[in-house]
Amino acid sequence: MLHKGKDTTVNLTLGQLPNSLEAKADTDNSDKLTPKRGSDVPKLGLTLAPADSVAGAGKDGVVVTEVDPKSAAAERGFKEGDVILEVAGKSVTSAGDVREALDAARGDNKNSVLMRVKSGGSSRFVAVPIAKG
């Protein structure tokens, strides 16, 4: 960085994920969905349903139908009614898609995965740590 005509080095940390809670996808890939309840993604602390099965949610992504208040997802600000549009840059339409994206990130030795979440009229990106194994 150039400051007052001199080169200056600045160390900057944009954000750090707490290490207390980690998300882990359930390894059971079956999606036994009911439109109102959804499928659990237990270690993440979310219950999800395809957006097109929930009135008013639109047709893209998966809707958060429940959030475990003691989970990594709750710690990251997920709320009932949020819509997860992408996980690790890939569009998702079912809880199985979310599990697959988490498994793929884990297989690539990633420590976290970025999710694009629509909440109300805006969207945001949320980094969620993933558990190993």
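Reader: Let me start with two strands: in which sense do S6 and S8 pair, and over how many bridges?

Author: S6 and S8 run antiparallel and are joined over four bridges. Two strands count as paired if DSSP finds at least two bridges between them. Within this pairing, Ile 84 stands opposite Val 117 in S8. Before we go on, this is a predicted model, where local features need pLDDT of at least 70 and side-chain atom pairs count only at pLDDT 80 or more, while totals for chains, interfaces and linings use all residues. Residues are numbered from 1 along each chain as its sequence is written, and side-chain values use heavy atoms, with hydrogens and water left out.

Reader: Thanks! What elements does the chain have, and in what order do they run?

Author: Helices (H or I, at least four residues) and strands (E, at least two) are DSSP runs, numbered from the N terminus. Here the chain has two helices and nine strands, in the order β-β-β-β-β-α-β-β-α-β-β from the N terminus on.

Reader: What joins S8 to S9?

Author: Eight bridges do, and these two strands run antiparallel. One example is Val 113, whose bridge partner in S9 is Val 128. The hairpin of S8 and S9 has two residues between the strands, and Gly 120 takes a positive phi near 65° there.

Reader: Which side chains of S8 are buried?

Author: Buried means under 20% relative accessible area, exposed means over 50%, and partly exposed lies in between (1.4 Å probe, protein chains only). Side chains along S8 alternate: Val 113, Met 115, Val 117 and Ser 119 point to one face and are buried. For the chain as a whole, buried residues make up 36% of the 133 residues.

Reader: Which residues have the most contacts inside the largest nonpolar core?

Author: A nonpolar core is a set of buried Ala, Val, Leu, Ile, Met, Phe, Trp, Tyr and Cys residues joined through side-chain atoms within 4.5 Å. The largest one has 21 residues, and Phe 78, Ile 84 and Met 115 have the most contacts inside it. H2 gives the most to this core, with five residues. As for contacts in general, they mean heavy atoms within 4.5 Å. Leaving aside neighbours within four places in sequence, the contacts of Phe 78 include Leu 46, Val 64, Ile 84, Met 115 and Val 128.

Reader: Now to charges. How many salt bridges are there?

Author: Side chains of opposite charge can pair when their charged atoms come close. A salt bridge is a side-chain nitrogen of Lys or Arg within 4 Å of a carboxyl oxygen of Asp or Glu. By this rule the count comes to four.

Reader: Which parts of the chain does the pair of Glu 86 and Arg 116 tie together?

Author: The side chains of Glu 86 and Arg 116 meet in a salt bridge at 3.3 Å, N to O. Glu 86 lies in strand S6 (residues 83-87) and Arg 116 in strand S8 (residues 112-119), so the pair ties together parts that are 30 residues apart in sequence. Arg 116 is partly exposed, with a relative accessible area of 24%.

Reader: Where do Asp 103 and Arg 106 sit?

Author: Both are in helix H2 (residues 95-107), three residues apart, and are separated by about one helical turn. Asp 103 is partly exposed at 27% relative accessible area, whereas Arg 106 counts as buried at 12%.
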